[in-house]
Protein chains: 2
Amino acid sequence: MLYAVIMAGGSGTRFWPKSRRQSPKQFLRLFGETTMIQQTAGRIAPMVDPSRLLVVTGLDQAESARAQLADVPAANILAEPAPRDTAACVGLAAGVVAARDPEAVMIVMPADHVIEPQARFLETVEDAVSLIQAEPLSLVTFGIRPTRPETGYGYIEQGDEFVMPSGRIGRCVAQFREKPNLETARSFLDSGRFLWNSGIFVWRARTILDEIKAHRPGLHEGLAPILAHADSPSFGQVLAERFPQLERVPIDRAVLERSAHVKVIEAPYQWSDVGDWRALAELLELDSAGNAVFGRTLTHGSTGSIFISEEGGLVAALGVEDLVVVQSQGAVLVARKERLDELKALVEGLGKAGLQAFS
Amino acid sequence: MLYAVIMAGGSGTRFWPKSRRQSPKQFLRLFGETTMIQQTAGRIAPMVDPSRLLVVTGLDQAESARAQLADVPAANILAEPAPRDTAACVGLAAGVVAARDPEAVMIVMPADHVIEPQARFLETVEDAVSLIQAEPLSLVTFGIRPTRPETGYGYIEQGDEFVMPSGRIGRCVAQFREKPNLETARSFLDSGRFLWNSGIFVWRARTILDEIKAHRPGLHEGLAPILAHADSPSFGQVLAERFPQLERVPIDRAVLERSAHVKVIEAPYQWSDVGDWRALAELLELDSAGNAVFGRTLTHGSTGSIFISEEGGLVAALGVEDLVVVQSQGAVLVARKERLDELKALVEGLGKAGLQAFS
C-alpha cells in the first residue's frame with residue numbers, strides 16, 4: 001500500500017510577519033481557502049487515505065497539524081521534540097510506516113510547496129510506485145527543470161535514461177550537487193543535464209531504512225529503540241528522550257548522494273517551493289505599475305513592489321520602488337526586495353528587542 | 001481686554017494615516033499628552049481666560065473642538081459651514097469679539113504650531129499688545145528668522161526699525177512676498193532682511209474690520225449681516241446661509257499686503273508649523289542609524305528614514321532608506337521621503353478606490 005509522509009517541520013521566518021513561531025508557512029492560507037499543508041494532503045488524497053497519511057512536525061506545531069488535518073488519526077501526527085533535519089525525520093516516519101506494513105511504499109512531501117496541476121503530479125507518483133514495484137530497491141526523486149541559476153537549491157545531474165513500467169522515461173542519477181555558487185549554477189542551467197531537487201521522494205519504507213543503515217549506521221542505531229515502540233503507548237516518551245540525540249543531517253547528504261539506486265523523474269507539473277515573499281508575489285496578480293498586490297492597497301507612483309495587506313487593513317504606497325510591504329497581525333514589514341534574504345536575522349532580533357510577542 | 005482666536009480649520013491630509021477627515025492634525029496628540037489645539041490654548045492661557053478664547057473651525061471638527069477645549073463656552077466655538085480661507089475667518093472672529101468688547105485686542109493663532117518656550121512667546125504677545133495700545137491702528141505680525149530657503153511659506157521684508165513701548169525693537173514692513181520659487185527663497189535667506197510669516201497676528205478687532213472694509217469692501221459687506229446676529233440665537237442659521245458665499249482669500253493677500261500699518265516682531269522663540277511627517281520627525285529622537293522612530297519599531301540595515309508605529313503595533317524595516325513609514329488606525333503609509341508632498345493626492349484618491357473608510 002502507498003503511505004504519504006508530509007514533512008511539516010519548517011519554522012518559517014521567511015513569511016514574517018504573516019508566519020509566526022506558532023504558525024509557520026505550512027499552516028497558513030497563502031493561496032485560496034485552505035492552508036498549504038491542507039493542500040499538500042489534498043493533493044495526494046486520491047491515492048492515500050487519511051489513515052495512511054503521516055505528518056512529521058515540531059512540538060509547537062502539532063496542535064495546528066491536528067486541527068488542520070482533522071481526518072488524520074492522532075497517532076499519525078509525529079511531533080519531533082527537537083528538529084533533527086530530514087534524515088532523522090524520514091527515518092522516523094519510515095520506521096512507523098514499516099511497522100504497520102512491511103511492504104509499504106511511501107511518498108515523502110514537504111508541506112509547503114505549490115504544485116499544479118494535481119493530475120500530472122498524481123501521474124508522476126503512479127510512475128514512481130510502479131517503478132518501485134518493479135525494482136524495490138529504487139529511491140525515486142522528482143526533479144524540476146531549472147528556469148534560473150538558483151543558488152538556494154540542490155541539483156541532480158541526470159544519468160542514463162530508461163523506460164519506466166508506465167512507458168515514460170526515467171533517469172538514473174549521475175550525481176547530487178548541493179547548493180552551488182552562481183557560476184556553477186549557471187553552468188548547470190546551460191548544460192541541460194541538471195534538475196532541481198524538489199525534496200519529494202518515493203521509496204519502500206524498508207528500503208530507505210536499509211539505506212540509512214548502510215550509509216549512516218549511527219543514525220539507524222539511534223532510531224532503532226524509538227521505532228521499537230512505534231504505535232505503542234510509550235512511543236511519545238521514548239521519542240522525547242531519544243530523538244533529540246539523533247544526528248542532524250539532510251536525507252540528501254546522508255543517503256541520496258551515496259546510494260547507487262537513486263532514480264529521477266522529471267516533473268511534468270508546475271512547481272514552486274514559495275521560498276519567500278518574492279516567490280509568492282510571482283503567483284499574485286500585478287497592478288498596472290507592475291506591483292504585486294493582495295488585500296486593501298492603494299499605490300501612487302510606486303513600481304516593482306509587493307504590497308500585501310491583511311485583516312481589512314490598508315497599505316498605501318507613495319513613490320516607492322522595489323519594496324516588500326506586508327501588514328499582518330499588528331506588524332508591518334517594510335523591506336528592500338533584494339535584501340529579503342536577511343529577514344531571518346531581523347525576525348531573530350525580535351526577542352532581543354523585547355518584541356517576542358511578534359515572533 | 002485681550003481675546004484669542006484659534007484658527008482650527010485645517011483638513012490635515014498631511015499627517016495621514018494618523019490624521020483623518022474627522023481628526024485633522026490640530027486635534028491630534030503629536031507631542032506629549034495633549035493635542036495641538038490644547039497646547040495652543042494652553043500657551044495663551046496665562047493672558048486669556050477661556051471665556052475670551054474663540055475657536056474657528058469646520059463643521060466636521062466643531063465637536064472635537066468642544067470636547068478638547070471643555071472650558072471654552074460653546075458660543076465661542078465658531079463652526080464655519082464651508083471653508084472660506086483666513087480673511088473670512090478672521091473677519092468673522094473679529095466681528096464677534098468687537099460685538100462683545102469694542103475696544104478688544106485679539107491675537108490670531110493657527111491651532112497646529114509648535115512654539116517653545118512659552119514664556120518668550122507670551123513676552124512677544126505683551127510687546128504686541130502694548131504697541132497696539134500706543135498705536136491702535138497697528139497690525140502686528142510675528143516673523144520667524146528663516147533657517148532654509150523654504151518655498152512653502154510667505155516672507156516678510158523688514159523695513160525701518162523702531163523701539164516698542166517694551167523697549168525692544170520692532171520693524172515696519174517693507175513688503176509681503178507670497179511663496180517664492182527656490183532661487184528667490186535663497187536670495188531672501190541670504191539677504192538677512194526677510195522673515196517667515198508665521199501666521200500669528202495681533203490687532204484691535206475693530207482695526208482689522210476697518211482694514212477689511214478698506215481693502216476688501218465686498219467681503220466686509222458679506223460679513224455685516226452675519227455679524228449683526230453675533231451671539232444671538234439666530235447666529236448659526238445666518239452663518240449657515242451666508243458664510244459660504246463670502247470671498248475666499250487669505251488675510252495676508254486681502255489686507256496685510258496692502259495696509260500701511262503692518263509691523264513685524266521677530267519671534268524670540270522656537271517655532272515649527274510641523275507641516276508634514278518630515279517636520280515632525282525633526283522633533284523625534286534618532287536611532288543609531290539616523291532614523292527617527294516612535295512607538296514599537298525594529299530596524300535592520302535601514303537609514304535616513306522615519307518609522308512611526310501606533311496602538312501597540314510593530315513597524316519592522318529591512319534594508320530601506322529615506323522612507324516614511326507610519327502605521328495608525330489600521331492603515332500603513334509607506335512613502336519615499338522626498339515625495340511626501342504628493343500625500344494629499346494619495347489621500348484624495350482613497351474615495352475613488354472605495355477606501356473612504358480610511359480617509
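Reply: Happy to! Copies are superposed here by least squares on the C-alpha atoms of residues with pLDDT of at least 70 in both. Before using that, please note that this is a predicted model, in which local features need pLDDT of at least 70 and side-chain atom pairs count only at pLDDT 80 or more, while totals for chains, interfaces and linings use all residues. Residues are numbered from 1 along each chain as its sequence is written, and chains are lettered from A and ligands numbered from 1 in the order in which they are written.

Let's look at the place where chain A and chain B meet. Chain B can be superposed on chain A by a rotation of 180 degrees with 0.1 Å of shift along the axis, and the RMSD is 0.0 Å. The two copies are therefore related as by a two-fold rotation axis.

How many residues of each chain are in contact across the interface? There are 33 residues of chain B in contact with 33 residues of chain A, where contact means that the C-beta atoms of two residues, placed from the backbone, lie within 7 Å. Several elements of chain B give two or more residues to this side: strand 13 (296-300), strand 15 (314-318), strand 16 (323-328), strand 17 (331-336) and helix 11 (343-352). Helices (H or I, at least four residues) and strands (E, at least two) are DSSP runs, numbered from the N terminus. Strand 17 of chain B provides the largest share, 6 residues. Sorted by class, the side of chain B that touches chain A holds 21 nonpolar, 8 polar and 4 charged residues. In that count Ala, Val, Leu, Ile, Met, Phe, Trp, Tyr, Cys and Pro are nonpolar, Asp, Glu, Lys and Arg are charged, and the others, Gly among them, are polar. Because 100% of the interface residues of chain B are also interface residues in chain A, the copies meet through the same surface.

Now for the sheet that crosses between the chains. Two strands pair if DSSP finds at least two bridges between them. Which strands make up this open sheet, and in what order? Its 6 strands follow the order 12(A)-14(A)-16(A)-17(A)-15(B)-13(B), with mixed pairing. Strand 12 (292-294) of chain A and strand 13 of chain B stand at the edges with a single partner strand each, so one side of each has no neighbour in the sheet. Ignoring direction, neighbouring strands are turned by 5 degrees against each other on average. Such angles use axes that are lines fitted to C-alpha atoms, for helices over the stretch in contact, and run from 0 to 180 degrees between N-to-C directions.

Strand 15 of chain A pairs with strand 17 of chain B in the parallel sense, over 5 bridges, and A:A316 stands opposite B:L333. Within chain A, strand 15 is also joined by 5 bridges to strand 13 of chain A, again running parallel. There A:A316 is the bridge partner of A:L298. Strand 13 (residues 296-300) of chain A is largely enclosed by the rest of the structure, because 4 of its 5 residues are buried. Buried means that 20 or more other C-beta atoms lie within 10 Å of a residue's own; 12 or fewer makes it exposed, anything in between partly exposed, with C-beta atoms placed from the backbone.

A:Q329 lies in the loop between strand 16 and strand 17 of chain A. Phi of A:Q329 is near 50 degrees, a positive value in a residue other than glycine. With 16 other C-beta atoms within 10 Å, A:Q329 is partly exposed.

Finally, where does this region sit in the chain? Chain A is assigned domain 1 (2-272) and domain 2 (277-358), with bounds from an automatic or database domain assignment. Taken over C-alpha atoms, the centres of these two domains are 30 Å apart. Their contact takes 10 residues from domain 1 and 14 residues from domain 2 of chain A.
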